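Below is a set of questions and answers on one protein chain. Each answer works towards the value or name asked for.

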Amino acid sequence: MQRLHLVFGGELVDPTKNVFKDVEDIHIVGMYPNYAAAYDAWKAEAQRTVDNAQMRYFIAHIHRLRDEEAPASPTEELG
(Lines give C-alpha, C1' and ligand atoms only; values in the text may rest on other atoms or scores of the structure.)
Protein backbone atom coordinates (compact mmCIF):
# COMPACT_ATOMS: atom_id res chain seq x y z
CA MET A 1 0.00 0.00 0.00
CA GLN A 2 1.32 3.42 -0.94
CA ARG A 3 1.23 5.93 1.91
CA LEU A 4 0.79 9.32 0.28
CA HIS A 5 1.14 12.54 2.26
CA LEU A 6 0.11 16.04 1.18
CA VAL A 7 1.90 19.12 2.53
CA PHE A 8 -0.02 22.38 2.38
CA GLY A 9 -0.38 25.60 4.29
CA GLY A 10 -1.46 29.18 4.35
CA GLU A 11 -2.33 32.15 6.46
CA LEU A 12 -4.80 31.52 9.26
CA VAL A 13 -7.53 33.83 10.55
CA ASP A 14 -6.38 33.16 14.11
CA PRO A 15 -3.20 31.26 15.03
CA THR A 16 -5.09 29.31 17.72
CA LYS A 17 -7.50 27.81 15.15
CA ASN A 18 -7.07 25.92 11.87
CA VAL A 19 -9.20 28.25 9.71
CA PHE A 20 -7.56 29.69 6.61
CA LYS A 21 -7.96 33.39 5.78
CA ASP A 22 -8.33 32.68 2.07
CA VAL A 23 -8.85 29.10 0.90
CA GLU A 24 -7.95 30.11 -2.65
CA ASP A 25 -4.54 31.24 -1.39
CA ILE A 26 -3.57 27.90 0.18
CA HIS A 27 -0.04 26.91 -0.79
CA ILE A 28 0.11 23.30 -1.98
CA VAL A 29 3.71 22.27 -1.37
CA GLY A 30 3.34 18.80 -2.83
CA MET A 31 2.47 15.13 -2.52
CA TYR A 32 5.06 12.81 -0.99
CA PRO A 33 5.42 9.02 -1.01
CA ASN A 34 6.25 8.71 2.69
CA TYR A 35 6.05 10.62 5.96
CA ALA A 36 9.79 11.34 6.15
CA ALA A 37 9.80 13.18 2.81
CA ALA A 38 6.60 15.03 3.74
CA TYR A 39 8.06 16.02 7.10
CA ASP A 40 11.18 17.43 5.43
CA ALA A 41 9.02 19.52 3.05
CA TRP A 42 6.77 20.65 5.92
CA LYS A 43 9.76 21.65 8.05
CA ALA A 44 11.35 23.64 5.21
CA GLU A 45 8.14 25.63 4.63
CA ALA A 46 7.52 26.13 8.35
CA GLN A 47 11.04 27.45 8.82
CA ARG A 48 10.77 29.67 5.72
CA THR A 49 7.65 31.33 7.12
CA VAL A 50 8.61 31.37 10.81
CA ASP A 51 8.37 35.17 11.04
CA ASN A 52 4.65 35.12 10.17
CA ALA A 53 2.68 33.93 13.24
CA GLN A 54 -0.47 33.52 11.11
CA MET A 55 1.17 31.10 8.64
CA ARG A 56 0.82 27.35 9.25
CA TYR A 57 1.73 24.26 7.25
CA PHE A 58 0.19 20.83 7.67
CA ILE A 59 0.79 17.22 6.64
CA ALA A 60 -2.33 15.37 5.51
CA HIS A 61 -2.16 11.59 5.60
CA ILE A 62 -3.90 10.98 2.28
CA HIS A 63 -3.68 7.20 2.67
CA ARG A 64 -5.94 7.46 5.73
CA LEU A 65 -8.74 9.25 3.88
CA ARG A 66 -9.95 6.22 2.01
CA ASP A 67 -9.59 2.56 2.87
CA GLU A 68 -10.72 0.76 -0.28
CA GLU A 69 -11.42 -2.40 1.73
CA ALA A 70 -13.93 -0.68 4.05
CA PRO A 71 -17.53 -0.39 2.87
CA ALA A 72 -18.63 3.09 1.86
CA SER A 73 -21.08 5.03 4.01
CA PRO A 74 -24.65 5.52 2.66
CA THR A 75 -24.02 9.21 1.92
CA GLU A 76 -20.78 8.38 0.13
CA GLU A 77 -22.69 5.98 -2.12
CA LEU A 78 -25.11 8.78 -3.09
CA GLY A 79 -22.33 11.22 -3.99
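A polar contact here is a pair of N or O atoms within 3.5 Å. The model is predicted.

Q: Which backbone oxygen does the side chain of R56 reach, and at what distance?
A: R56 is placed in strand 3. A polar contact requires N or O atoms within 3.5 Å. The side chain of R56 meets that limit with the backbone oxygen of A53, at 2.8 Å.

Q: Is R56 buried, partly exposed or exposed?
A: Buried means under 20% relative accessible area and exposed means over 50%, with partly exposed in between. R56 has a relative accessibility of 31%, so R56 counts as partly exposed.

Q: How far apart are the C-alpha atoms of R56 and P15?
A: R56 touches F8, G9, G10, L12 and P15, leaving out residues up to four places away in sequence. Of these, P15 is 41 residues from R56 along the chain.

Q: In what order do the elements of the protein chain run from the N terminus?
A: The secondary structure comes to two helices and three strands. Read from the N terminus on, the order is β-β-α-β-α.

Q: Is L4 buried, partly exposed or exposed?
A: L4 sits in the segment before strand 1 (5–11). The limits are under 20% for buried and over 50% for exposed. With 27% relative accessibility, L4 counts as partly exposed.

Q: What percentage of the residues in the protein chain are buried?
A: F20 and E45 are among the buried residues, F20 with a relative accessible area of 17% and E45 at 14%. The protein chain has 79 residues, and the buried share of them is 24%.

Q: Why do the buried residues of helix 1 line one face of the helix?
A: The buried residues of helix 1 are A38, A41 and E45. Seen down the helix axis, they fall within a limited arc, so they line one face. An α-helix has 3.6 residues a turn, so residues three or four places apart point the same way. The arc that holds the buried residues of helix 1 is 65°.

Q: Which residues are exposed on the other side of helix 1?
A: The buried residues A38, A41 and E45 of helix 1 have cover that includes strand 1, strand 2 (27–32) and strand 3. For E45, contacts beyond its neighbours within four places in sequence are H27, V29 and Y57. On the other side of the helix, the exposed residues are D40 and Q47.

Q: Which backbone nitrogen does a side-chain oxygen of N34 reach at the start of helix 1?
A: Helix 1 has 14 residues and spans 20 Å from its first C-alpha to its last, close to the 20 Å expected. At its start, a side-chain oxygen of N34 comes to within 3.3 Å of the backbone nitrogen of A36.

Q: Which residues do ring pairs link into a cluster?
A: The whole structure holds five aromatic pairs. One of them joins F8 and F20, with 6.2 Å centre to centre and 50° between the planes, which is a tilted arrangement. This pair links F8 in strand 1 with F20 in the loop between strand 1 and strand 2, 12 residues apart, and both residues are buried. The cluster linked by ring pairs is F8, F20 and F58.

Q: Which backbone oxygen does the side chain of Q54 reach?
A: Q54 lies in the loop between helix 1 (35–48) and strand 3 (55–61). Setting aside residues up to four places away in sequence, Q54 touches G10, E11, L12, V13, D14 and P15. Its side chain reaches, at 3.2 Å, the backbone oxygen of V13.

Note on methods:
Residues numbered from 1 in each chain as written. Predicted model: local features only at pLDDT ≥ 70, side-chain atom pairs only at ≥ 80, totals over all residues. Heavy atoms only, no water. Helix = DSSP H or I, 4+ residues; strand = E, 2+ residues; numbered from the N terminus. Polar contact = N/O pair within 3.5 Å; in protein donor to acceptor, adjacent residues only side chain to side chain. Contact = heavy atoms within 4.5 Å. Buried < 20%, exposed > 50% of the residue type's maximum accessible area, 1.4 Å probe, protein only. Expected span 1.5 Å × (residues − 1). Arc of directions from axis to C-beta. Phe/Tyr/Trp six-rings, centres within 6.5 Å; stacked < 30°, edge-to-face > 60°.
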